Amino acid sequence: MFFSDSFLIKFGVRQGSVLSPLLFAIYLDDLPDINSIVHRSFVVLYADDVLLIAPSVTELQRLLHLCEKELMWLDMHINEKKSCCLRIGPRFDLACTCVVTSDGHKIPWVNEIRYLGTYIVAGRQLRCSITHSKRSFHRSLNAIFGKIGRIASEEVTLELVKCKCFPILLYGLDCFCLPKADLKSLDFVVTRFLMKLFKSSNNDIISDCRQFFQFSIPSELLAVRKTTLEAKFLSCYNLLNYFGIKTLV
């Protein structure tokens, strides 16, 4: 075992420390206060991931400068190489002016962004991409089959898929209103796996096997998870919740 030389940390928090997330949240606690300054715009903060939501490009540019000014007081800055802009609304596919940082760097407009593990795509309405979820699901599924093959029983295989693969497939999807086509696509991925496991392409047989093993498909699981999420969301109070309720009413 080897140890590096000792060094003094003069600022920041040590990665991996139990107190690091709490101290970092306190350090950036003033940044969301910009919500009280701007109109119909929001600063959503999760650790060091900052999401700026604005109704227009002009407001987004103004919001960006306010965040940069606040971060400057904290001896921090926005990494423009890891930043991008995405447009959601009726005119999402029209060209518009680039958002520029205070030091002159342009933040590009993209068709897809990755935020907290979910992939949000540009469109008329807020929606996510399930392509990456299905790809990751297949990787984890093949890893399990590569280890156990046909050695383990169906009960063990299904339990491993529920515990290891389903969280990857359904991660973050309960936050979005998925269209029926996406739900059918998710169900089809799981149905194809069941057909391979039970060696049958008959939908009636697969349905009976699902009921016997009490194995739910993604559309059923997402309906339950979405109801639970909405109940938790409505039980807490924040600005996004407040304006979201006013919009629904």
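Predicted model: local features only at pLDDT ≥ 70, side-chain atom pairs only at ≥ 80, totals over all residues.
A crossing of two helices is called right-handed if the near helix is turned clockwise from the far one by less than a right angle, and left-handed if it is turned anticlockwise.

Helix α4 spans residues 154–170, and helix α7 spans residues 218–235. Their axes come within 11 Å and cross at roughly 70 degrees, which makes α4 roughly perpendicular to α7. In this crossing, α4 passes α7 in the right-handed sense. Helix α4 also packs with helix α5 (residues 180–198), at an angle of about 160 degrees and with the axes 12 Å apart. Because of that angle, α4 counts as roughly antiparallel to α5. Here too the crossing is right-handed, with α4 passing α5.

Charged side chains come next. A search of the whole structure finds 4 salt bridges. One of them links R225 with D174, with the closest N and O atoms 3.8 Å apart. This pair connects distant parts of the chain, since R225 sits in helix α7 and D174 in the loop between α4 and α5, 51 residues apart. R225 is partly exposed, at a relative accessible area of 31%, whereas D174 is buried, at 12%.

E220 is partly exposed at 37% relative accessibility, while R210 is buried at 18%. Another salt bridge joins R62 and E59, at 3.6 Å from N to O. Both residues lie in helix α2, 3 residues apart, about one turn of the helix. R62 has a relative accessible area of 37% and is partly exposed; E59, at 23%, is partly exposed as well.

Two loop residues have a backbone feature worth looking up in the model. D75 has a positive phi of about 60 degrees although it is not a glycine. D75 is located in the loop between α2 (57–73) and β3 (99–100), and it counts as exposed because its relative accessibility is 65%. L116, also not a glycine, has a positive phi of about 55 degrees. L116 lies in the loop between β5 (112–115) and β6 (118–121) and is partly exposed at 31% relative accessibility.

Technical notes:
Residues numbered from 1 in each chain as written. Heavy atoms only, no water. Axes fitted to C-alpha atoms, helices over the stretch in contact; angles between N-to-C directions. Helix = DSSP H or I, 4+ residues; strand = E, 2+ residues; numbered from the N terminus. Parallel < 35°, antiparallel > 145°, perpendicular 65-115°, else oblique. Buried < 20%, exposed > 50% of the residue type's maximum accessible area, 1.4 Å probe, protein only.
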